[in-house]
Amino acid sequence: MELLKKAGEFHGDICGGIVMGTKLAMYGMETMGMTPGQKDKRLIVFTEIDRCISDAVLSVTRTSLGKKSLKPMHYGKFAATFVNIDTGEAIRVVDLGANKKDRDENETTEELIERINKTPAEELFEIQKVSVKIDPNDLPGKPLEIVTCADCGEVVMDGKHHLKGGKAYCTSCFTGSYYQVIDE
């Protein structure tokens, strides 16, 4: 319950995604022989959805984007992959949808928490042994590559640049960007 409380505080409230994400992260870490709630430098986690569950995974695993130990994949799935970078062992934990089975629309958050807590993780999630190839630029630690974009002059780290005609370009200049600069 302490990890659920911390995940809820980080997220801003305790909702179904925080409850399931907390249990998923605990199950994944325990399966990998790691301690939920404690930072483990061997761990990288790939989350497959940018919803509440990912906040719970971040909180329980103590991984982070800034330390390059949390990797959002944007697949829209309630799943996460846990990788031990020392051994290469990796598991993918998938929500089987058990939280929706016989779901009572009037179920309170407290009832949801109690139901999820009582349900064994094996009934909520599937564990898949997987292989994950991680680019050395995506591992925690100092940047291996730092280049300057030939077009905009901004710095690009971690091998995220594109080469064309022997010159390095940032993604924004090479393929377009999510933003547009407004000259005032």
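This is a predicted model: local features need pLDDT of at least 70, side-chain atom pairs count only at pLDDT 80 or more; totals for chains, interfaces and linings use all residues.
**Exercise 1. Two helix pairs**

Task: Describe how α2 crosses α3 and how α1 crosses α2, and name the residues that meet in each pair.

Solution. 
Step 1. Two packed helices are described by the angle between their axes and the distance between the axes.
Step 2. For α2 and α3, the axes come within 7 Å and cross at roughly 40°. That angle makes α2 oblique to α3. The crossing of α2 and α3 is right-handed.
Step 3. On the α2 side of this contact are G17, I18, G21, T22, L24, A25, M26 and M29, which meet C52, I53, D55, A56, V57, V60 and T61 of α3.
Step 4. For α1 and α2, the axes come within 10 Å and cross at roughly 125°. α1 is therefore oblique to α2. Here α1 passes α2 in a right-handed crossing.
Step 5. The residues of α1 in this contact are L3, L4, A7, G8 and H11; they meet I18, V19, T22 and M26 of α2.

**Exercise 2. The sheet**

Task: Give the strand order of the sheet and state which strands stand at its edges.

Solution. 
Step 1. The sheet is open, has 5 strands in the order β2-β1-β3-β4-β5, and shows mixed pairing.
Step 2. β2 (70–72) and β5 (125–129) stand at the edges. Each has a single partner strand, so one side of each is left without a neighbour in the sheet.
Step 3. From one strand to the next, the twist averages 20°.
Step 4. Take one pair in detail. β3 and β4 are antiparallel, with 5 bridges. The bridge partner of T81 is R92, in β4.

**Exercise 3. The nonpolar cores**

Task: Find which element gives the most residues to the largest nonpolar core, and list what L24 contacts away from its sequence neighbours.

Solution. 
Step 1. The largest nonpolar core has 31 residues, and L24, V45, F82, V93 and F125 have the most contacts inside it.
Step 2. Elements giving two or more residues to this core include α1 (2–11), α2 (16–31), β1 (43–47) and α3 (52–61). α2 gives the most, with 7 residues.
Step 3. With neighbours within four places in sequence left aside, L24 is in contact with I53, V57, F78, A80, F82, V93 and F125.
Step 4. Apart from this core lies another, of 5 residues, among them F46, V83, A90 and I134.

**Exercise 4. A loop residue**

Task: Is S69 buried or exposed, and which residues does S69 touch?

Solution. 
Step 1. S69 is found in the loop between α3 and β2.
Step 2. Its relative accessible area is 4%, so S69 is buried.
Step 3. Not counting residues up to four places away in sequence, S69 touches K39, L43, I44, V45, T63 and S64.

Technical notes
Residues are numbered from 1 along each chain as its sequence is written. Side-chain values use heavy atoms; hydrogens and water are left out. A nonpolar core is a set of buried Ala, Val, Leu, Ile, Met, Phe, Trp, Tyr and Cys residues joined through side-chain atoms within 4.5 Å. Buried means under 20% relative accessible area, exposed over 50%, partly exposed in between (1.4 Å probe, protein chains only). Helices (H or I, at least four residues) and strands (E, at least two) are DSSP runs, numbered from the N terminus. Contact means heavy atoms within 4.5 Å. Two strands pair if DSSP finds at least two bridges between them. Axes are lines fitted to C-alpha atoms, for helices over the stretch in contact, and angles run from 0 to 180 degrees between N-to-C directions. Angles under 35 degrees count as roughly parallel, over 145 as roughly antiparallel, 65 to 115 as roughly perpendicular and the rest as oblique. A crossing is left-handed if the near helix is turned anticlockwise from the far one by less than a right angle, and right-handed if clockwise.
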